[in-house]
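Visitor: I would like to learn how to read salt bridges in a model. Could you walk me through some cases?

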Amino acid sequence: MNNLHDVWRIRFIHYINELQKYMKYVFTGHLAIVFVFVLGAGGYQYSEWLKSAPTDFPATWLVSIVIGLLLAYSPPTTLIREPDQVYLLPLESKLMSYMKKALAWSFWSQIFLVLLPLVVAIPLLTQVGQVKPMTIGMVLITIVLLKFWNGQIEFAFQWANSGKRIWGDRSIRALISISTIIATFTLVPFYLVLLIFPIGFYSLWIKQVKGQPFPYEHFVKMEQNRMLRFYRFANYFTDVPHVRGSIHRRPWMDVMYRLIPFQEGNAQNYLVFRTFVRTDDTFYLWLRLTALSAIGAAFIGIPVVVMIFVGALAFASAIQIKQALSSSSEFRMDMLYPLDESARKKAVLKLVRVVQVLQAIIVLIAVLLTGVEQGILYALPLIVVVVSEITLRMSK
């Protein structure tokens with residue numbers, strides 16, 4: 001296939017289909033309801049805080065730093081694959097026609113991530129920072145230009161250095177982006193001299209790329225890692241055949257194994273617990289959802305919203321851990337021993353109940369530490385336990 005435009009088009013269609021294939025399992029009905037309630041609660045608390053926000057709050061600096069850091073992280077989405085090291089090599093002189101498509105998609109797919117904080121911060125900027133609408137419009141244009149600039153520079157740097165010292169480059173671009181946004185907010189002519197740095201930095205790295213062969217291996221690895229991160233995320237919601245979870249020993253938890261008595265009837269209890277602790281996907285999934293539950297219990301001040309939020313995360317924890325530990329179809333050594341077929345199922349249910357009680361205790365501690373006044377919030381641990389138990393009984 002000699003036309004690189006067709007190559008990009010076919011790969012882009014396949015990429016979008018792959019995203020749609022798994023995203024439909026991620027954004028299900030119950031998750032959408034949680035998002036609506038969380039966003040509503042967050043918006044309400046944000047508006048209430050704005051009414052009493054101090055007049056000297058550094059709104060422009062906060063917005064500039066947050067957006068500047070987001071701008072600096074602009075990895076290109078090239079959709080390069082391993083066979084391209086052979087099949088696209090004869091067309092390397094025309095490769096930039098393919099890369100222009102890739103960089104355009106990278107820009108448009110990432111731009112909303114940096115514009116969203118600005119949109120959210122508009123009430124803060126206008127009410128607290130006293131920023132005029134015209135200035136916000138100029139900042140928006142500056143952010144769009146900086147996003148394009150960061151994307152081009154990161155691509156050139158990745159090409160010239162095969163990704164080595166990329167975080168050093170991102171740190172420099174973050175400082176330049178923050179300074180440029182602050183200069184636009186202040187509209188002081190002296191600060192506009194800072195615009196020289198983005199132009200000079202861009203010219204430097206564009207020259208570095210000229211004459212260098214395209215590092216196929218590096219960009220192939222980047223694409224593989226990027227898609228692997230997506231598959232790992234989707235694997236929390238549905239079974240993804242591309243994902244094989246990594247395993248680590250976690251020696252600091254070895255003492256926990258002693259809680260299971262050394263008896264013949266506890267073989268599956270021990271194996272299931274060990275699987276849960278050592279499997280990264282399952283263990284960190286529970287850890288993240290528990291942390292989110294604790295944070296929500298501590299900072300969401302609307303009782304109905306926080307109860308729905310904590311209940312939804314308890315449901316997600318229970319159902320996903322149960323499915324992850326029960327759906328293994330691979331051969332295990334315990335299959336050779338004369339153990340009751342239902343022993344593993346009972347062990348999984350027992351483990352899920354234990355970790356969900358632990359989640360309830362952590363939520364209770366978060367509520368107690370923040371000194372929440374509403375007594376109804378002390379029912380949150382009970383909600384975690386009840387929702388988890390109902391989930392275990394109702395699910396297959």
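Guide: Gladly! Let us begin with Arg-226 and Glu-223, whose side chains form a salt bridge with an N to O distance of 2.5 Å. The term stands for a side-chain nitrogen of Lys or Arg within 4 Å of a carboxyl oxygen of Asp or Glu. This is a predicted model, where local features need pLDDT of at least 70, side-chain atom pairs count only at pLDDT 80 or more, and totals for chains, interfaces and linings use all residues. Residues are numbered from 1 along each chain as its sequence is written, and side-chain values use heavy atoms, leaving out hydrogens and water.

Visitor: What separates Arg-226 and Glu-223 in helix 9?

Guide: About one helical turn, because they sit 3 residues apart in helix 9 (residues 216–234). Helices are DSSP runs (H or I, at least four residues), numbered from the N terminus.

Visitor: Are Arg-226 and Glu-223 buried or exposed?

Guide: Buried means under 20% relative accessible area, exposed over 50%, and partly exposed in between (1.4 Å probe, protein chains only). Arg-226 is buried at 18%, and Glu-223 is buried at 6%.

Visitor: Which parts of the chain does the pair Arg-11 and Asp-84 link?

Guide: Distant ones: Arg-11 lies in helix 1 (residues 4–26) and Asp-84 in helix 4 (residues 84–87), 73 residues apart. Their salt bridge is 2.5 Å, N to O. Arg-11 is buried at 13% relative accessible area, and Asp-84 is buried at 3%.

Visitor: How many salt bridges are found in the whole structure?

Guide: The search finds 9. Glu-154, Asp-169, Arg-170 and Arg-173 are joined in a salt-bridge network.

Note on methods: Helices (H or I, at least four residues) and strands (E, at least two) are DSSP runs, numbered from the N terminus.
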